[in-house]
Amino acid sequence: MQNKEKIRKIEVFSTKNERILECYKNYSFPVKYVDNHPVDDKLIIKGKNFPVLSMNTLVDVIITTFNGSRIKFSCRVDFSGSFQLNVTLRPERALELEDKRRYYKIKTEINCRIQDLTRGEEVTAYNPNLYGRIQDINIGGIFIVVDGEAEYAVGDIIGFTTVLGDNRLETTAKVLRVQRAPEGEISGYGCSFVKISSGQEEMISSYINYLQIEERRLDRERELLERE
């Protein structure tokens, strides 16, 4: 059922939405055979200092993938000890949760190189390339400011390259909104990604996670400094 290479983390919650544990490794989906068909609805998590739960306790398991998908399973506890938790996933009651990062925009300032423009059936390659800045990003798209005198219209598709952390992203984005300053000048473009791969989604998702962690770290530092 589960591809471990695509799983970022697994969380277990009580029915009161209290997180019992969180893990990034040391879990497995052992396979058993029922009528000669493989079934992998068991989840085993190993670790230490786990809270001990009663047999058949109801819990919710949320599996988060690298591309931002979050699947919630209602489960019953099969075994619980301080070093291991076994549950049975119930695929028939699985629920895909809304991916908040797809809508939550992260403010940033990333340089990018614009390589080409597709307008209708016509493709224009920029030689030399143009440059711009990505001022916010989410899994669904970007807000981009373009240097120079080039102007785009709703429906145009921009091909660009940028660097997210240690990764290089080369993709396209469709202009959905042209934003203008009060004086009437174009101040940027709201765009949605076009046909990005699952690997590119994982790259963007990981970068957003990194920025969110950094935001929280800086907030904690500011709070500590304000207390001094």
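Colleague: Which salt bridge do the side chains of Glu11 and Lys9 meet in, and at what N to O distance?

Modeller: A salt bridge is a side-chain nitrogen of Lys or Arg within 4 Å of a carboxyl oxygen of Asp or Glu. The model is predicted: local features need pLDDT of at least 70, side-chain atom pairs count only at pLDDT 80 or more, and totals for chains, interfaces and linings use all residues. Residues are numbered from 1 along each chain as its sequence is written, and side-chain values use heavy atoms, with hydrogens and water left out. The side chains of Glu11 and Lys9 meet in a salt bridge with an N to O distance of 3.7 Å.

Colleague: Is Glu11 buried or exposed?

Modeller: Buried means under 20% relative accessible area, exposed over 50%, and partly exposed in between (1.4 Å probe, protein chains only). Glu11 has 5% relative accessibility, so Glu11 is buried.

Colleague: Is Lys9 buried or exposed?

Modeller: The relative accessible area of Lys9 is 13%. That value is under the 20% cut-off, so Lys9 is buried.

Colleague: Which residues are linked with Lys9 in a network of salt bridges?

Modeller: Lys9 also meets Glu11 in a salt bridge. The network links Lys9 with Glu11, Arg19 and Glu22.

Colleague: Which strands hold Lys72 and Asp60?

Modeller: Lys72 forms a salt bridge with Asp60, with the closest N and O atoms 3.7 Å apart. The two residues are twelve residues apart and link distant parts of the chain. Strands here are DSSP runs (E, at least two residues), numbered from the N terminus. Lys72 is in strand β8 (residues 70–80), and Asp60 is in strand β7 (residues 58–65).

Colleague: Is Lys107 buried or exposed?

Modeller: Lys107 and Asp136 meet in a salt bridge (3.7 Å, N to O). Asp136 is buried at 7% relative accessibility. Lys107 has a relative accessible area of 63%, so Lys107 is exposed.

Colleague: How many residues has the largest nonpolar core?

Modeller: A nonpolar core is a set of buried Ala, Val, Leu, Ile, Met, Phe, Trp, Tyr and Cys residues joined through side-chain atoms within 4.5 Å. Ile137, Ile142, Ile144, Tyr152 and Ile204 have the most contacts inside the largest core. Its residue count is 28.

Colleague: How many salt bridges does the count come to?

Modeller: The pair Lys72 and Asp60 is one of them. By the 4 Å rule, the count comes to eleven.

How values were computed
Helix = DSSP H or I, 4+ residues; strand = E, 2+ residues; numbered from the N terminus.
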